[in-house]
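Here are my notes on this one, jotted down as I went through it. Have the viewer open while you read.

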Amino acid sequence: MDSEKPSPSGFDATQLLKGALDLAVLAVVARHDTYGYEIARRIWDSGLADVREASVYGTLNRLFRAGLLTARLEASPAGPHRKYYGLSDDGAGYLAAGQAQWGVTSAAIDALLAAAPSIARRGTP
Amino acid sequence: MNRPETLGPAGQAYLAEVDEQLIDLDLADRADLLAQVEDRLVDMESAQDATVVLGAPALFAAELRQAAGFDLVTPPVRPADVSLLQWSMAQAQRSGPRAVIDYVRSLRPAWWALRGFSLVALVLAVLSKGGGWGLHTIGSYSQVVEVRGQHAGRWPAGV
C-alpha cells in the first residue's frame with residue numbers, strides 16, 4: 001500500500017514513537033501517580049512533541065488492561081472525578097526490562113547512525 | 001483553574017461523535033476511553049475548539065482505538081448462501097447493531113448503481129412511449145444487477 005511506504009522527503013517520527021510510547025508512558029507514571037492529560041504534557045515537555053493525545057489515552061487503556069497500570073478515581077475540587085494511573089508491580093518489572101532493552105537498542109542505533117553521515121553524503125554535490 | 005462541573009454543548013457534541021465511533025467496543029473499555037476524553041474536554045478552555053486542539057472526532061477516535069489495540073471497524077461481508085435476515089440477527093447478537101449498520105453502509109455504492117440503472121431504464125421506457133422495449137430493458141438491468149450483487153455476496157437475497 002502506498003501510504004505505508006517511507007516518504008523519501010521526510011522522516012515520519014510517529015512510526016518511531018509507536019514502539020516507544022509504552023515505555024514513555026510507564027516512565028512518566030513511575031515518577032508519581034497522575035492522569036491522562038498530565039502524562040501527555042510530560043511526554044511533550046520531554047521533547048516528544050509529535051505524540052498525539054489520543055495515542056496517550058489509548059495506550060493508557062491498553063497498559064491498564066494488560067495489568068501494567070493501576071487506576072483509581074480521585075475527587076476533583078470542582079468538576080468530575082479524575083482517573084489517576086499508577087505503576088503496578090508487573091508494570092515496574094516491564095519498565096525495568098524495557099529500560100535495559102532500550103539501552104541496548106539505542107546504543108546499537110547510535111552506532112549505526114554515527115557511521116551513516118559519509119553514506120548520506122554520497123551522491124550529493 | 002476551576003474545572004467546570006459539566007461539559008458545555010460543544011464538548012458534549014464532540015464526545016458524542018467520538019462515542020459513536022467506539023460503540024462496538026466492550027462497555028468498560030468504551031467508558032474508560034470516553035472518560036479520558038471527557039476529562040480533557042472539561043479542562044479545555046471554553047474558547048478552545050476541541051476539533052482544532054484534538055482533531056476531528058472520527059480521527060481522534062481512530063487514534064484512540066489503534067493505540068488501545070482495538071482493530072478499526074471494517075464492514076463485515078455476508079456470505080451469499082445466508083439470508084439477509086439471518087445474517088443481520090447473527091451479527092447483531094455477536095457484535096452489536098453497529099455491525100449491521102456498517103454492512104448496510106457498505107452497500108451504498110450498489111444502491112447508487114441501481115438507482116442509476118433504474119433512471120436510465122425509466123428514460124428509455126418513456127422515450128419508447130411505454131412500449132415493450134422499455135419494460136424489457138428494466139427487467140434486464142434488474143437481473144444483471146441482482147446476479148452481480150449475489151455473486152459478490154453483498155446483495156440482499158430476494159431484493
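Before the points, one term: "buried" here means a relative accessible area under 20%. Also keep in mind that this is a predicted model.

1. Start with helix α2 of chain A. The buried residues in α2(A) are A:Gly36, A:Tyr37, A:Glu38, A:Ile39, A:Ala40 and A:Ile43. They pack against α1 and α3 of chain A, and also against α2 of chain B. Just past the end of α2(A), have a look at A:Gly47, which takes a positive phi of about 115°.

2. On to the overall layout of chain A. It has 5 helices and 2 strands, and along the sequence they run α-α-α-β-β-α-α. Of its 125 residues, 34% count as buried. Taking contacts in chain A with a separation of 6 or more, 46% are between residues 24 or more positions apart. The accessible surface of the chain is about 7800 Å², with 58% of that belonging to carbon and sulfur atoms.

3. Now the core. The largest nonpolar core has 43 residues, and the ones touching the most other members are A:Ile43, B:Leu41, B:Phe60 and B:Leu64. At least two residues each come from α1 (13-31), α2 (36-45), α3 and β2 (82-87) of chain A and from α1, α2 (27-43), α3 (50-54) and α4 of chain B. The largest share, 8 residues, is supplied by α1(A).

4. B:Leu41 deserves a click. Leaving out residues up to four places away in sequence, B:Leu41 touches B:Leu7, B:Gly11, B:Tyr14, B:Leu15, B:Ala50 and B:Leu54.

5. Next, the aromatics. There are 4 aromatic pairs over all chains. In one of them, the ring centres of A:Tyr57 and B:Phe60 are 6.5 Å apart and the planes meet at 55°, so this pair is tilted. It crosses between chains, with A:Tyr57 in helix α3 (residues 53-65) of chain A and B:Phe60 in helix α4 (residues 57-68) of chain B. Both A:Tyr57 and B:Phe60 are buried.

6. B:Phe60 also pairs with B:Tyr14, edge-to-face this time, at 6.2 Å centre to centre and with 70° between the planes. That pair links distant parts of chain B: B:Tyr14 is in helix α1 (residues 9-21) and B:Phe60 in helix α4, 46 residues apart. Both B:Tyr14 and B:Phe60 are buried. Put together, A:Tyr57, B:Tyr14 and B:Phe60 make one aromatic cluster.

7. Two charged side chains in chain A are worth checking against rings. A:Arg82 lies over the face of A:Tyr35, 3.8 Å from the ring centre. A:Lys83 lies over the face of A:Phe64, at 5.6 Å from the ring centre.

8. Which residues does A:Thr59 contact, neighbours within four places in sequence aside? They are A:Leu21, A:Asp22, A:Val25, B:Ala67 and B:Ala68. A:Thr59 is in helix α3 of chain A, and its relative accessible area is 1%, so it is buried.

9. Last, helix α4 (residues 89-114) of chain A. At 1.5 Å a residue, its 26 residues should span 38 Å, and the end C-alpha atoms are 37 Å apart, which agrees. The buried residues of α4(A) are A:Gly91, A:Leu95 and A:Gly98, and their cover includes α1 and β2 of chain A. As a reminder for reading that list, an α-helix has 3.6 residues a turn, so residues three or four places apart point the same way.

Notes:
Residues are numbered from 1 along each chain as its sequence is written. Chains are lettered from A and ligands numbered from 1 in the order in which they are written. This is a predicted model: local features need pLDDT of at least 70, side-chain atom pairs count only at pLDDT 80 or more; totals for chains, interfaces and linings use all residues. Side-chain values use heavy atoms; hydrogens and water are left out. Rings of Phe, Tyr and Trp (its six-membered ring) pair if their centres lie within 6.5 Å; planes under 30 degrees apart count as stacked, over 60 as edge-to-face and the rest as tilted. Helices (H or I, at least four residues) and strands (E, at least two) are DSSP runs, numbered from the N terminus. Buried means under 20% relative accessible area, exposed over 50%, partly exposed in between (1.4 Å probe, protein chains only). A charge sits over a ring if NZ of Lys or CZ of Arg is within 6 Å of the ring centre and within 35 degrees of the ring normal. Contact means heavy atoms within 4.5 Å. A nonpolar core is a set of buried Ala, Val, Leu, Ile, Met, Phe, Trp, Tyr and Cys residues joined through side-chain atoms within 4.5 Å. The expected span of a helix is 1.5 Å times one less than its number of residues. Accessible areas come from the Shrake-Rupley method with a 1.4 Å probe; for residues, only the protein chains shown count as cover.
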